[in-house]
Amino acid sequence: MTTITLLVLILFGSMLLAGGKQGFVSFLGLIFNFCLVFISVVLISYGFPYLIVTLINAVIILVISIYFGNQQGRNADIAFITSLIVVGIVILLIVPIEQWAQVQGFGPENTEDLEGLSLQLGVKFLDVSCAMTILSCLGAVAEASIAIATGLFEIEAHNPTITRAKLRSEGLLIGKEIIGTAFNTLFFGFYGELLALFIWFSRLNYSFGMIINDKIFISEFIMTLISSIGVILTIPVTIGIFLRHKKTTI
Amino acid sequence: MGDVILTRIRPKVQIKWLTILIILIVGVVAILFTHYDAPLYQQTVAQVEQVHNYGKTNTTDEFQNRDYQENQKLTLKILNGKDAGKTVKAQNQFSGSTATDQEYHPGQQIFVHLGSQKLKASSIMITGFKRDTTVIFLSWLTITFLLIILKFRGSMALLSLVVNALLFMVAIELDVHTNFNPFILFAILSIIFTMVTALLIFGKSKETVVAIAATILGTFSAILIAYLVLSVTHQRGMKFEMMDYVTQQRLPLFFAGSMIGSLGAIMDLSADITSSLFAVNREEPTLTFWQLFEDARKIGRSIMGPLINVLFLIFVAGTFPMMVLFLKNGNSWGYSCSMIMSLGIVQSLISGIGIALTVPITGLIAGAICKTKVIK
């Protein structure tokens with residue numbers, strides 16, 4: 001048995017232990033998401049237009065992340081609409097930023113890995129970078145929008161006569177609670193991913209100026225910041241959609 | 001009544017505009033600063049003044065990938081050092097895919113290495129692209145959004161980020177300059193990370209203590225399981241030789257990375273469950289330990305999936321450039337996936353196991369603490 005097979009089985013077992021049937025559905029969602037991410041990279045490498053591939057797969061990934069293993073209903077709908085809007089805004093930010101930062105492809109630190117490989121592939125690595133950044137922020141945006149939408153519904157259920165202004169301030173309060181933990185999820189993920197690179201920087205005595213212009217470091221840092229911006233924008237958008245939705249249902 | 005509301009709203013709006021104005025000015029100053037900060041660099045910085053593209057040739061590699069290559073003659077103005085102000089010529093070559101190279105445009109700033117040969121084009125080497133303006137802009141944008149939307153309520157999140165970054169740098173320096181076992185070093189760092197972050201974000205309370213304990217237990221059980229699995233399966237299918245940027249023993253580094261990577265998500269989950277359980281217990285003190293534990297599972301299972309997804313998408317999407325490179329170099333889907341994605345997948349699996357296990361762990365600890373309090 002390979003390491004991955006055994007770990008997948010253990011993950012399956014612990015998700016069942018933690019969440020029963022819902023854990024099972026969440027596990028299925030993860031498998032589907034993996035397939036979608038894998039299909040995205042294969043299609044992009046075949047030369048399909050990255051934006052179309054990424055947009056279609058992003059929408060499917062959001063559907064799976066939000067509706068699988070989460071109680072379905074109005075809060076899931078609001079989370080889904082919010083995620084679509086936020087991801088749309090974030091994409092408008094990602095494309096020019098990636099163009100400006102020029103962090104596509106590989107950095108000088110990758111030289112050893114690239115030996116003997118052809119680099120003139122006819123695939124624009126700038127497109128690959130954009131696709132990577134778009135897909136990597138989906139999870140964070142979906143998670144934040146579910147948390148806020150669910151929180152707002154709980155408050156409304158608890159106190160059905162609550163005013164709109166009060167709902168708005170309660171929503172911001174929930175936003176404040178989730179932003180701290182969401183930032184930690186993202187930034188610890190960033191540290192964990194780049195631990196080896198940071199040690200490399202220190203061992204080879206990179207100056208601060210070299211680090212803040214380093215292609216790989218900046219590429220990952222941009223991904224983390226974009227996800228953070230996605231999470232922040234999720235707060236007002238969820239509250240806005242929630243209040244709008246409330247108005248139309250009354 | 002309308003008047004009362006109007007007079008109450010007006011000053012609020014003005015303060016908001018003032019804050020936004022200040023944030024805007026700070027941003028513009030910071031961005032302008034990075035545009036003119038060349039004198040602060042030790043490396044030579046130059047600005048691209050003129051570009052002349054020539055000699056575009058189509059290329060086809062052994063895998064029938066069609067691309068092109070083009071040359072550029074650049075006119076550069078040196079911005080710092082003893083040659084500041086001088087104009088020099090340099091050569092650049094880029095491909096259509098720009099995997100390791102890039103096309104330059106007038107106005108961009110780059111790092112160059114001036115050879116010994118008196119600023120001749122042949123001795124000038126472009127060593128990098130200046131990206132600090134972009135980074136400062138995006139960081140500024142993030143902080144601005146945070147402050148505009150959450151006002152100063154978001155400042156604790158920022159403070160914890162800064163404190164953690166400093167702690168992380170200290171740990172890296174200790175790892176590089178001492179012979180301390182790297183895994184133990186980063187394990188200690190993880191414990192400190194957890195305590196500092198939890199105290200800063202959630203404040204000092206019984207809930208925080210429970211969340212810290214659950215986070216540490218959840219993370220360590222995931223790492224322990226991963227360690228056992230790797231030993232039992234003799235790391236079959238693991239491509240540790242494909243780990244990037246490695247300058248020391250691979251296995252401890254991999255475990256340390258996975259541990260730190262999953263810490264934030266696990267803390268997120270344990271804090272959510274703990275605060276909800278304590279709130280439920282306050283409202284209905286008659287609930288038994290097992291009812292509380294069931295509640296923990298109920299909360300945990302709806303957050304668990306999306307949280308595992310967050311890290312999974314980050315870890316797996318990060319392998320995209322290498323995947324494209326491998327796929328286009330005549331490798332099969334399966335081979336590329338196992339070579340490039342396996343480490344990212346294992347890292348997501350470890351964090352997933354940690355997140356899932358944290359649900360019952362937090363339920364047990366929080367339930368026990370709630371109930372012992374009642375017995376007293």
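**Salt bridges**

I counted salt bridges over all chains and the rule gave eight. The rule asks for a side-chain nitrogen of Lys or Arg within 4 Å of a carboxyl oxygen of Asp or Glu. The model is predicted, so I noted that local features need pLDDT of at least 70 and side-chain atom pairs pLDDT 80 or more, while totals for chains, interfaces and linings use all residues. Residues are numbered from 1 along each chain as written, chains are lettered from A in the order written, and side-chain values use heavy atoms, without hydrogens and water.

I looked up one pair, A:Arg74 with A:Glu156, and its closest N and O atoms are 3.9 Å apart. A:Arg74 sits in helix 3 (residues 74–101) of chain A and A:Glu156 in helix 4 (residues 125–158) of chain A, so this pair ties together parts 82 residues apart in sequence.

**Chain A**

I found seven helices and zero strands in chain A. Helices (H or I, at least four residues) and strands (E, at least two) are DSSP runs, numbered from the N terminus. The C-alpha trace of chain A spans about 65 × 45 × 35 Å along its principal axes.

**Where chain B meets chain A**

I looked up contacts, meaning heavy atoms within 4.5 Å. On that basis 117 residues of chain B touch 113 residues of chain A. The area buried between them is about 10600 Å², and carbon and sulfur atoms give 73% of it. Buried area is the accessible area (1.4 Å probe) that two parts lose on being put together, summed over both. B:Arg131, B:Tyr245 and B:Phe320 supply 8% of the area that chain B buries against chain A, more than any other three residues.

Helix 7 (residues 289–317) of chain B gives the most to the side that touches chain A, with 18 residues. I searched this interface for salt bridges and the rule found zero.

I took helix 5 (residues 164–203) of chain A and helix 2 (residues 132–150) of chain B, whose axes come within 11 Å and cross at roughly 155 degrees. Axes are lines fitted to C-alpha atoms, for helices over the stretch in contact, and angles run from 0 to 180 degrees between N-to-C directions. Angles over 145 degrees count as roughly antiparallel, and the two helices are therefore roughly antiparallel. Among the residues that meet there are A:Leu172 and A:Phe183 from helix 5 of chain A, and B:Leu146 from helix 2 of chain B.

Notes
Angles under 35 degrees count as roughly parallel, over 145 as roughly antiparallel, 65 to 115 as roughly perpendicular and the rest as oblique.
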